[in-house]
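Here's a quick briefing to keep open beside the model. Take a look at the structure first, then work through the notes below.

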Amino acid sequence: MLAAKAISKRFGRNLALDGVDFCARPGEIHALVGENGAGKSTLINIFAGRLRPDDGHATLDGAALRAGSPHAALRAGIAAVYQSPMLFERMTWEENLALGGFLGEADQLHLDEVAARARALAAELSFDLPPPGTRVEDCSVTERVRLEIIRALSFDPRVLILDEPTGVLAPGELAAFLELLRRLRADGRIVVIVTHKLAEALAVADRITVLRHGRRVAERPAAETGEAELAQMMIGELAPAPPRPLYFRHTNEPVLMVEHLTAVRDGRRVLDDVSLTLGAGDIAGIVGVDGNGQTELVEVMAGVRAPIAGRTRLADRGDNGPDAQMAIVPQNRDLDGLILEMTLWENLMLAPALRRRFSRSGGWLARARAVEFCAQTLSRFRIDAAGPFAPAGALSGGNRQRLAVARALATAPKVLIAHDICRGLDLRATSEVHRMLREYAAAGGAVLLISGDLDELLILCAQLWVISRGRLTEVPPENRNAARLGLLMSGAVR
Amino acid sequence: MLEAFLTSTIAMATPILLAALGETIVEYSGVINIGIEGSMLCGAFFGLAAAYFSGSLALGMIAAVAAAIALNALLALLVVNLAVSQVVAGTALDILALGLTGVFYRRLFGITGKAFTVAPIRPIALGPLAHIPVVGPALFDQNVIVYAAFALVPCIAGVLSRSRYGLELRAAGERPEAADALGLNVYRIRWQALLIAGALTGLAGGYLTMAYADTFVEGISAGRGFVALAVVIVGRWNAYGVAAASVLFGSAMALQFALQASGTAIPYQLFLALPYALTLAVLAIFGGQANAPSALGEPYVRR
Amino acid sequence: MKAGIIAKPIAAVILAAALIALVLLALGASPFGVMGALWQGAFGTWLAFTETLVKAMPLVFCGLAVAIAFQGALWNIGADGQLIAGATLAGALGPALTHWPHLLAIPAMLAAGVAGGATWGGVAGWLRARRDVNEIISTIMLNFVAAQILSAAVHGPLMEPSRAYPKSAPIAPGAELHLYFAPSRLNLAMALAVALAAGCYLFLFRTRAGFELRALGRNRRASAFFGIPIARLTTRTLALSGALAGLGGAVQVSAITHRLYETLSPGWGYEAIAVALVARLNPLAIVATAIFFGALDNGAQAMQRAEGVSPVLVQVIQGMVIMILLAFDTSAWSGMRTVFAGAPTVPAANTPAAASDA
């Protein structure tokens, strides 16, 4: 039995977990649900030994788990597959697995033995493994998820923890994955899955624990509850009915034309003849599993990556060049979007259009004006910060994303391109950002959202494409059901 | 003449090779050690001092190794445990070592008044092999440290690519947080690597004052530590590549003497500058960092 | 200004002093005797004080060079070589400027210094920008090469007419920066140094290019994403950095030495790293830290006379101060890392942010 008693964990000002109890029994699939920021990842990181709780303790079969040591956790029989990939890209998959449990304590590196045992395990699970000697960086996203699962299982763990495992799966692969979980449970293991997708949790879990703002609010057998109740417990109030999708008509004013874009990386086509047209007032979406060309598409549009064919055209280049017409919110806001050590007004200046606007002749910065502009932007977009001189790192995740979006919108561009704009945000912040997008579109802006979150795009987008292996497939409204989209996303159908 | 040049090449390549082998291991684990020069210098001085005052070369070499390990341990404390900037910490160590060796050298040398020198380690001829024309003396009539250095190359190559230790080392340098999640102790791995490199660099330093030359002058390392950094890059983080690159730079240094002895009108300073200019040129052609361990130079902090 | 910004460097110096005291005891010298001698030597008399300022001058130029580059996470360890390059060019030009009036000769000398240093730095910048060559290694290699070029020059083509000693012919009188405070060696160049420090401050914090440089130093990926021209910025910044150091070299030749010698620089370029770091990469503070280290250099000779400790001890102090400052700046002490756990922490310890609080 995997248990936690009164666990608390604080990060700076933020109380991530507040006296949480938890209990999962052998032969059980236990779902840990809550929205982004509820504390789920923190809790399982504590179980896996990567974090030390400030208070309370975790036990397995009554024995206390040594805090803060992944090694001890693995020894005790807890293995985890995390939300962010933990594979070594430049090593082969055999080498990656060799760092798991197949070799035990041996000093010799018997890669063929590792491969053999991996194949045996994969066969049991009906997985396919990549060809021998393939580096992980050449493996697809699905293959990587499978490798991580096999590596976790190689430790022969009593407890298997999976953090948001279905995020990278196409809808069609979901059923097989849930079946896999049931099979693991049959061995008497404890399986804990962390998810914010209630339908999946209900489909496979035996019992469900709900976290909200760092506290455990409920624990129920799955059979005795339903989506509505769980959603209410997750959010704390009646969840608002999702707004009906609004379909804007094309205003016949194309603003952005992407024409036959093709890009290559390491010899592989990452973008393959991508074409789309965006009109003023449109909110369009590209949905797909991570790693199918989304990042490269954004890079091409940002001018950071050169395509080998095709081009991106703006209908009206305007007086201030393409930078002023097109604004981009990149995927990884903390790595690519913001400089956490710099102040807020300086982060706003990263946007090329703003930098140009607040530069005077001779290369001087119009500092006072830029600071004033930042103050105005902070209040206009209701960003919770101490002021323009606060360091960006002091803002919470939600506010940082708001800042990134505000920066993009502040220059009143014609086109906004956003990649995973709401990833990691809780519901309130998410609906805030959606509101900002809708206002912007209503005022005549064009929005292109690139995301893996199907639900979000179905609500917001008039036009929808699926991206798979660098190719776009348009999905008219009548075809937008989960089954069809799933097939398109997994590349099974064109 | 060619024989002398080749012998000189191998002799000059040795300290660079030792330091570069150590640095390869360290960089595999994700740390870049700019302080090699300082460790080498400390090894050179304190090793010679120990040999001088004790009369034993063996003790001197042990002291050389110990001094360099101590300096690397200081670096490890700063860059592993305290996760400070590796570049700045390494540079500070170089400055510190220059100062420390200088201060102690002048203090001690002033006292003794005698020449600060020892009888150097003698070369050991490996039987009839040493008599092979042209390459014989170069390869088979060197001192024991040279043999050890080159013998280490296949050993280290094997360890890095085929042992579990090597794999764990690489994991720490590619993605430390993933290595941590797998139960590997990244701090311990990096500490170990730095200490091993310290031993090798100490050998290199001791070699400089107790085998190659027979005395100490301030700054005797003359940038070899930095050349070693370049050698790791040019050798593509591969033990055999590192060996080849070391020999290349050793030959540039040997060329100095060969050309000077040939009595050309070209000023000798150009020959002194040759190894450094060559390093620069080779780096410009081959010096891409694309093969470097992914997390090289990034401090890692366990949460 | 937050008190913490000044407190850390001061605390670092105090701690270093304590450790140095231990080293001194190991050497058999008296720590208090040493400190007294240092103080006397650096500030005891008016002449000593002006000499401290004179010794600080090249540290200001090189310190600014290092700070500018470090703000962009461009590790310029080659300020020494860049200073030598500038000095050599100025020292070669100087003797030819006979009959030139001051107003033309001095700028000519300074321009030569800038040209020499900018070239030397620019090479490393270009190599980094276009060939991905680690600038730490390239600038250090260039240091050695520059030293040899200078040596070859004063032994050869630039050697003084009597060919008795390895030094160059003296520069024309018009090219000498006046000594306005004779018999001290203090001169107008100090004003130039201070003006440059102010200029560098304005550049870093009030211009667009300076902003882009600081952004580059703190987050390369984001900088690339937002169209900051990284290659161009790298080359230009290292050229600018070299130009500052080269200017310092020209000033040395023009104001102090009036000719070239083989050992022109006792390691100013390396010392400047300590100068820049203790100043937290802030150009205005560099004037102060340069004076501090200049005082150490100046007082060191008195220290040797009084206690028999080699002036090289100053380098031990430099190294220790840097390491202690680094240790104080880590997450263990700073409160910056109070960020929400969900956000990945960008490793900032390898960026200038760890060294500066600007």
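Arg236(B) sits in the loop that links helix H10 (224-234) to helix H11 (239-261) of chain B. Its phi is positive, about 55 degrees, although Arg236(B) is not a glycine. Bear in mind throughout that this is a predicted model.

- Over in chain A, Arg382(A) has a phi near 55 degrees, a positive value in a residue other than glycine.
- You'll find Arg382(A) in the loop between helix H14 (367-380) and helix H15 (397-410) of chain A.

**Chain B as a whole**

- Chain B is built from 12 helices and 2 strands.
- Going along the sequence, the order in chain B is α-α-α-α-β-α-β-α-α-α-α-α-α-α.
- The radius of gyration of chain B is 19 Å, close to the 19 Å that the globule rule gives for 303 residues, so chain B is as compact as a globular protein of that length.
- If you want the dimensions, the C-alpha atoms of chain B fill a box of roughly 60 × 45 × 40 Å along the principal axes.
- Buried residues make up 58% of the 303 in chain B.
- Take the contacts in chain B with a separation of 6 or more: 77% of them are between residues 24 or more positions apart.

**Where chain C meets chain B**

- The contact between these two chains involves 45 residues of chain C and 45 residues of chain B.
- On the chain C side, at least two residues each come from helix H5 (102-131), helix H6 (135-155), helix H11 (268-278) and helix H13 (313-328).
- H6(C) gives the largest share of that side, with 11 residues.
- Sorted by class, the side of chain C that touches chain B has 29 nonpolar, 13 polar and 3 charged residues.

- Chain C has 13 helices and 0 strands.
- Of its 358 residues, 61% count as buried.
- Among contacts in chain C between residues at least 6 apart in sequence, those joining residues at least 24 apart come to 81%.
- Leu64(C) belongs to helix H3 (residues 46-71) of chain C.
- Is Leu64(C) buried or exposed? Leu64(C) is buried, because 32 other C-beta atoms lie within 10 Å and the cut-off for buried is 20 or more.
- Leaving aside residues up to four places away in sequence, Leu64(C) touches Leu196(C), Ala197(C), Cys200(C), Leu244(C), Pro283(C) and Ile286(C).
- Tyr201(C) is 137 residues from Leu64(C) in sequence, yet the two are 9.4 Å apart in space, C-alpha to C-alpha.

**Domains of chain A**

- Chain A splits into domain 1 (2-235), domain 2 (244-316 + 414-494) and domain 3 (333-412).
- The centres of domain 2 and domain 3 of chain A, taken over C-alpha atoms, are 25 Å apart.
- Their contact uses 10 residues from domain 2 and 8 residues from domain 3 of chain A.
- On the domain 2 side, helix H16 (residues 427-442) of chain A supplies the largest share, 5 residues.
- That side of domain 2 has 7 nonpolar, 1 polar and 2 charged residues where it touches domain 3 of chain A.

**A buried strand in chain A**

- Strand S13 (residues 283-287) of chain A has 5 of its 5 residues buried, so S13(A) is largely enclosed by the rest of the structure.
- In a regular strand, side chains alternate between the two faces of the sheet.
- In S13(A), Ile283(A), Gly285(A) and Val287(A) point one way, while Ala284(A) and Ile286(A) point the other way.
- S13(A) pairs in the parallel sense with strand S17 (residues 446-451) of chain A over 5 bridges, and there Ala284(A) stands opposite Leu448(A).
- S13(A) also pairs in the parallel sense with strand S18 (residues 463-468) of chain A, over 4 bridges, with Val287(A) opposite Val466(A).

Note on methods: Residues are numbered from 1 along each chain as its sequence is written. Chains are lettered from A and ligands numbered from 1 in the order in which they are written. This is a predicted model: local features need pLDDT of at least 70, side-chain atom pairs count only at pLDDT 80 or more; totals for chains, interfaces and linings use all residues. The radius of gyration is taken over C-alpha atoms; the globule rule is 2.2 Å times the number of residues to the power 0.38. A residue is buried if 20 or more other C-beta atoms lie within 10 Å of its own, exposed if 12 or fewer, and partly exposed in between; C-beta atoms are placed from the backbone. Two residues are in contact if their C-beta atoms, placed from the backbone, lie within 7 Å. Ala, Val, Leu, Ile, Met, Phe, Trp, Tyr, Cys and Pro count as nonpolar, Asp, Glu, Lys and Arg as charged, and the others, Gly among them, as polar. Domain bounds come from an automatic or database domain assignment. Two strands pair if DSSP finds at least two bridges between them.
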